[in-house]
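Here are my notes for someone opening this one for the first time. Have a look at the picture, then go through the points in order.

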Amino acid sequence: MELAAFLATHRAEILLRTWEHVWLVGISVLLACLVGIPTGIALSRRPRLRGPVLGGVNVIQTIPSLALLGFLIPAPWIGGLGTRPAIVALVAYALLPIVKNTFEGIRSADPAAREAGVAMGMTPNQLLWQVEIPLGLGVIMAGVRLATVIGIGVATIAAFIGAGGLGALIFRGVSMVDSRLVLAGAIPAALLALAADLGLGWLERRLSRWR
Amino acid sequence: MRAPRGVESTEAMSAAGVSFEAVDVLLGERTVLSGLDLEVGPGETVVLLGRSGSGKSTTLRLANALLLPTRGEVRVDGTPTRHLDPIRLRRRTGYILQEIGLFPHFSVARNVALVPGLLGWDTRAIEARVTEMLELVGLDPTLGTRLPGQLSGGQRQRVGIARALAARPERLLCDEPFGALDPVTRYELQREFRALTERVETTLLFVTHDVREALFLADRIAFLADDGRLAFVGTPDAFRTSTEPRVARFRDAGL
């Protein structure tokens, strides 16, 4: 009850931080899609790029988020403090699931359907846009969903370099040893992740309705 | 055939031959076909018979330039396939495969409309053709709005046949189209298929390992032995009485 009263009195700040958080994750996932989906498509067409590119995005994923943000502070242009380096880090983390799922989604098209398409005289582009991408959309969406859920978690740490978001409440709560403040950041973040998971999961099922 | 419809249909289904001249196919280190000489005349039905891995499907893939010969020449209407635009060749060549390969996210009608659509027929002509084709293969045209996943295996292969014939192809290539069907459906479809191909007068190259199917459908049978060489070419009657040991063994095991 005491917590509910606390959250109610801090409603305005919680809403603001939630909005910052949504914006931070939203813009990052969008940018990651703009880069990652074409990259995934390219990988399905150019087997030689597969190893290096998937290896690269895999390595990014292994860097602890706190360390990545730390590395970005002295970096020129993309680095520093605030929103910009936070978005760079979030995009970097979102790339692996999006690139990988786009690639896998395109490859997952039924080989017989692909062969029939080629044998009927579809050009590689027609096959890509009419068959491979539509059939892979569900899998691609699953990658976007995963990237978003991961991003909501990682974005709480972005407050460490002053990017705002719900992490700001959590960091303040930790330094003041006030668990109510920690919860004021953690609960909305968890709810956001849950909502994104459900919403994008629904979209994913809609996109693979033909199954 | 009926009154021509659509852009490409002014040239109603006309038969055109395929010939294989001293064709070798090597995939990696493996010799899949060796010295294949075979002529499929316009309007003729040639059944390629042989065990799995004998190069039957490879031969078929040569005929629509899914594959080019390592040595020798494959000619369609006299022109080597390596000099033809593969996309155009394939749009003029029907293809039916065992796995059917319908697009699961396209309605049945859209699947049948695929090649006419690629050829740029106008929408009305395509719609009329789809209805005509579904009736021709014995399907209720109202099934056109369904997705392939909602049909039975036999119905799906009927759609596969309708799709292959929709654009009035000059040639039809079939890769064990009935191999995955239950015996009753297979028998039914074989009979209807023979009646159908007699009506549409298309050059037909049909691959199977089923001796009965070959005897039932073929004008001529070409038997591929395991070494990727032709061991026999001739009429079904000649095949029945052939004393060539490899032919006799395969035939007697399959009858």
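**Notes on the model**

1. Start with a pair inside chain A: the side chains of A:Arg17 and A:Glu13 form a salt bridge, with N to O at 3.6 Å. Why can these two meet? They sit 4 residues apart in helix 2 (residues 11–45) of chain A, so about one helical turn separates them. Keep in mind as you read on that this is a predicted model. Counting over all chains, the structure has 27 salt bridges.

2. Stay with helix 2 of chain A for a moment. It has 35 residues, and from its first C-alpha to its last it reaches 50 Å, close to the 51 Å expected at 1.5 Å a residue. Even so, helix 2 of chain A carries a kink of about 30 degrees, centred on A:Cys33.

3. Now zoom out to the fold of chain A. What does its secondary structure come to? The C-alpha trace of chain A spans about 70 × 40 × 20 Å along its principal axes.

4. Helix 7 of chain A deserves a look of its own. Its end C-alpha atoms are only 43 Å apart, while a straight helix of 34 residues would span 50 Å at 1.5 Å a residue. Where does helix 7 of chain A bend? Look at A:Leu137, where the bend is about 50 degrees.

5. Next, the place where the chains meet. Chain A brings 17 residues to the contact and chain B brings 22 residues. Between them the two chains bury about 1,700 Å², with 72% of that on carbon and sulfur atoms. On the chain A side, the residues that lose the most area to chain B are A:Ala119, A:Met120 and A:Trp210, which together make up 36% of what that side buries.

6. How many salt bridges cross the interface of chain A and chain B? The rule finds 1. A:Glu115 and B:Arg61 meet through their side chains in a salt bridge, 3.1 Å from N to O.

7. Which parts of chain A touch chain B? Helix 6 (111–119) and helix 7 (124–157) of chain A each supply at least two residues of that side. Helix 6 of chain A gives the largest share, 7 residues. Sorted by class, the side of chain A that touches chain B has 11 nonpolar, 5 polar and 1 charged residues.

Definitions and conventions. Residues numbered from 1 in each chain as written. Chains lettered and ligands numbered in written order. Predicted model: local features only at pLDDT ≥ 70, side-chain atom pairs only at ≥ 80, totals over all residues. Heavy atoms only, no water. Contact = heavy atoms within 4.5 Å. Buried area = accessible area lost by both parts, 1.4 Å probe. Salt bridge = Lys/Arg side-chain N within 4 Å of Asp/Glu carboxyl O. Nonpolar A, V, L, I, M, F, W, Y, C, P; charged D, E, K, R; others polar. Expected span 1.5 Å × (residues − 1). Bend = angle between axes of the 7 residues up to and from the residue.
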